[in-house]
Amino acid sequence: MRVEVVPYRPEWPEIYRQEAEQIRGVLGGALAAVFHIGSTAVPGLQAKPIIDILPVVFSLKDADAARPALEALGYEWMGELGIPGRRYLRKGGDRRTHQIHIFDAANRLAIERHLAVRDYLREHPDAANAYGALKYRLSLQYPADIEGYCDGKDAFVRELEQRALAWFRQQGRNWESAI
């Protein structure tokens with residue numbers, strides 16, 4: 001997979017909304033909420049042009065049962081893919097366009113980690129700019145090496161997640177308040 005980081009595109013929220021509607025149609029009553037996460041959810045942030053979507057379900061059994069319908073939308077089912085309690089799906093093959101990270105509503109930490117980082121970056125432009133600059137530099141350094149790109153972000157992202165979660169909790173936020 002080619003690593004490409006591009007300037008923020010104002011159409012990303014609408015692309016998310018359209019895809020989220022399809023996911024809502026598939027998951028129906030099993031869905032507690034669906035969120036736009038990742039860098040494409042942060043206005044102004046440079047990003048890989050891949051829309052990250054976080055559906056929260058009442059039970060992962062419901063997500064598993066919806067697998068054929070999600071695959072019919074063009075998603076490749078990848079299972080947990082290294083994160084216990086998650087269902088990961090991707091769309092677009094080597095030119096990936098969307099990623100879904102499904103979590104059970106009881107998995108508060110996983111859900112809130114994603115929302116905290118998104119919201120923190122939205123409200124802290126200096127952190128967003130530093131993250132975007134790092135991602136861009138790494139995309140130039142590792143244009144054909146997604147592992148090298150991810151490894152290069154790892155320390156920054158871990159520290160960002162810690163700061164963001166502390167800030168999120170200090171604000172009295174939780175995933176339910178983000179609906």
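**Close-ups of the helix packing and the pockets**

**View 1. Helices α4 and α5 pack at about 110°, and their axes lie 5 Å apart.** This is a predicted model, where local features need pLDDT of at least 70, side-chain atom pairs count only at pLDDT 80 or more, and totals for chains, interfaces and linings use all residues. Residues are numbered from 1 along each chain as its sequence is written, and side-chain values use heavy atoms, with hydrogens and water left out. The angle makes α4 roughly perpendicular to α5 (65 to 115 degrees counts as roughly perpendicular, under 35 as roughly parallel, over 145 as roughly antiparallel and the rest as oblique). Axes here are lines fitted to C-alpha atoms, for helices over the stretch in contact, with angles from 0 to 180 degrees between N-to-C directions. On the α4 side you'll find Y120, L121 and E123, which meet P125, A127, A128 and Y131 of α5 (contact means heavy atoms within 4.5 Å). By class, that contact of α4 with α5 splits into six nonpolar, no polar and one charged. Ala, Val, Leu, Ile, Met, Phe, Trp, Tyr, Cys and Pro count as nonpolar, Asp, Glu, Lys and Arg as charged, and the others, Gly among them, as polar.

**View 2. α4 and α6 cross at about 90°, with axes 8 Å apart.** These two helices are therefore roughly perpendicular to each other. From α4 the contact takes in L109, E112, R113, L115, A116, V117, D119, Y120, L121 and E123, while α6 brings L160, E161, R163, A164, L165, W167, F168 and R169. Sorted by class, the contact of α4 with α6 has 11 nonpolar, no polar and seven charged residues.

**View 3. α5 (residues 125-141) and α6 (residues 146-170) have axes that come within 9 Å and cross at roughly 170°.** α5 and α6 are therefore roughly antiparallel to each other. Look for A127, A130, Y131, L134, K135, L138 and S139 on α5, meeting Y149, G152, K153, F156, V157 and R163 on α6.

**View 4. The largest pocket has a volume of about 1,100 Å³.** Of its 38 lining residues, D52, Q99, H101, H114 and K153 are the closest to its centre. A pocket, on a 1 Å grid over the protein atoms alone, is an open set of points where a 1.4 Å probe fits, with protein on both sides within 12 Å along at least five of seven lines; lining residues have an atom within 4 Å of a point. Grid points are joined across faces, edges and corners, and the volume is the space filled by probe spheres set on them. β4 (86-91), β5 (98-104), α4 (108-123), α5 and α6 each supply at least two lining residues, and α6 gives the most, with 10. The lining of the largest pocket divides into 19 nonpolar, six polar and 13 charged.

**View 5. The second largest pocket comes in at about 160 Å³.** Its lining is M1, R2, E4, K48, P49, I50, D94, R95, R96 and T97. Here the classes are three nonpolar, one polar and six charged.

**View 6. Zooming back out, the protein has six helices and five strands.** Helices (H or I, at least four residues) and strands (E, at least two) are DSSP runs, numbered from the N terminus. Along the sequence the order is α-β-β-α-α-β-β-β-α-α-α. The C-alpha trace spans about 40 × 40 × 30 Å along its principal axes.
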